[in-house]
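Please read the following report alongside the sequence and the coordinates.

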Amino acid sequence: MKCMYCKADLKRGEAPYHIDRNGYHLLLDRVCAWVCTQCGEPLFDEEQVIEIQAVIKEMDTHIKKISTAA
């Protein structure tokens, strides 16, 4: 596989994932990914994307509960 940005080779590794969303910051330190050997850009497989989306959905639910508890 090739990097969509710099066209260098990708290799299997780990990469961080972070997002600022709805009043919280989510940081996953190590997610399995294809990582560019030149620029370091990660490419996540569909399985990892689905799992990340599940974590975000769960966080949204919990954030909504604690922000409306008052």
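## Contacts of Ala-33

Neighbours within four places in sequence being left aside, Ala-33 is in contact with Lys-11, Arg-12, Gly-13, Glu-14, Ala-15, Pro-42, Leu-43 and Phe-44, where contact means heavy atoms within 4.5 Å. Ala-33 also belongs to the largest nonpolar core, described below.

## Basis of the model

This is a predicted model, in which local features need pLDDT of at least 70 and side-chain atom pairs count only at pLDDT 80 or more, while totals for chains, interfaces and linings use all residues. Residues are numbered from 1 along each chain as its sequence is written, and side-chain values use heavy atoms, with hydrogens and water left out.

The mean pLDDT (the predictor's confidence in each residue, from 0 to 100) of the protein chain is 95, and 97% of its residues reach 70 or more. Confidence in the chain is lowest in α1, with a mean of 94, and highest in β3, at 98.

## The sheet

Three strands, in the order β1-β2-β3, form an open sheet with antiparallel pairing; helices (H or I, at least four residues) and strands (E, at least two) are DSSP runs numbered from the N terminus, and two strands pair if DSSP finds at least two bridges between them. Because β1 (10-21) and β3 (42-43) stand at the edges with a single partner strand each, one side of each is left without a neighbour in the sheet.

β1 and β2 run antiparallel and are joined by 11 bridges, with Glu-14 standing opposite Cys-32 in β2. Strand β2 (residues 24-36) is joined to β3 by two bridges, again antiparallel, and here Trp-34 stands opposite Leu-43 in β3. Helix α1 (residues 46-67) packs on the sheet, touching β1 and β2, and its direction makes about 180° with that of β2; axes are lines fitted to C-alpha atoms, for helices over the stretch in contact, and angles run from 0 to 180 degrees between N-to-C directions.

Gln-48 lies in helix α1 and counts as buried because its relative accessibility is 15%; buried means under 20% relative accessible area, exposed over 50%, and partly exposed in between (1.4 Å probe, protein chains only). Beyond its neighbours within four places in sequence, Gln-48 is in contact with Arg-12, Val-31 and Cys-32.

Thr-68, in the segment after α1, has a relative accessibility of 56% and therefore counts as exposed. The side chain of Thr-68 reaches the backbone oxygen of Lys-64 at 2.7 Å.

## Turns and positive phi values

The hairpin of β1 and β2 has two residues between the strands, and in it Asn-22 takes a positive phi near 45°, a positive value in a residue other than glycine. Asn-22 counts as exposed because its relative accessibility is 55%. The hairpin of β2 and β3 has five residues between the strands, and there Gly-40 takes a positive phi near 80°.

Lys-7, found in the segment before β1, has a positive phi of about 70° although it is not a glycine. With a relative accessibility of 54%, Lys-7 counts as exposed.

Notes. A polar contact is a pair of N or O atoms within 3.5 Å; within protein, one must be able to donate a hydrogen and the other to accept it, and residues adjacent in sequence count only if both atoms are side-chain atoms. A nonpolar core is a set of buried Ala, Val, Leu, Ile, Met, Phe, Trp, Tyr and Cys residues joined through side-chain atoms within 4.5 Å.
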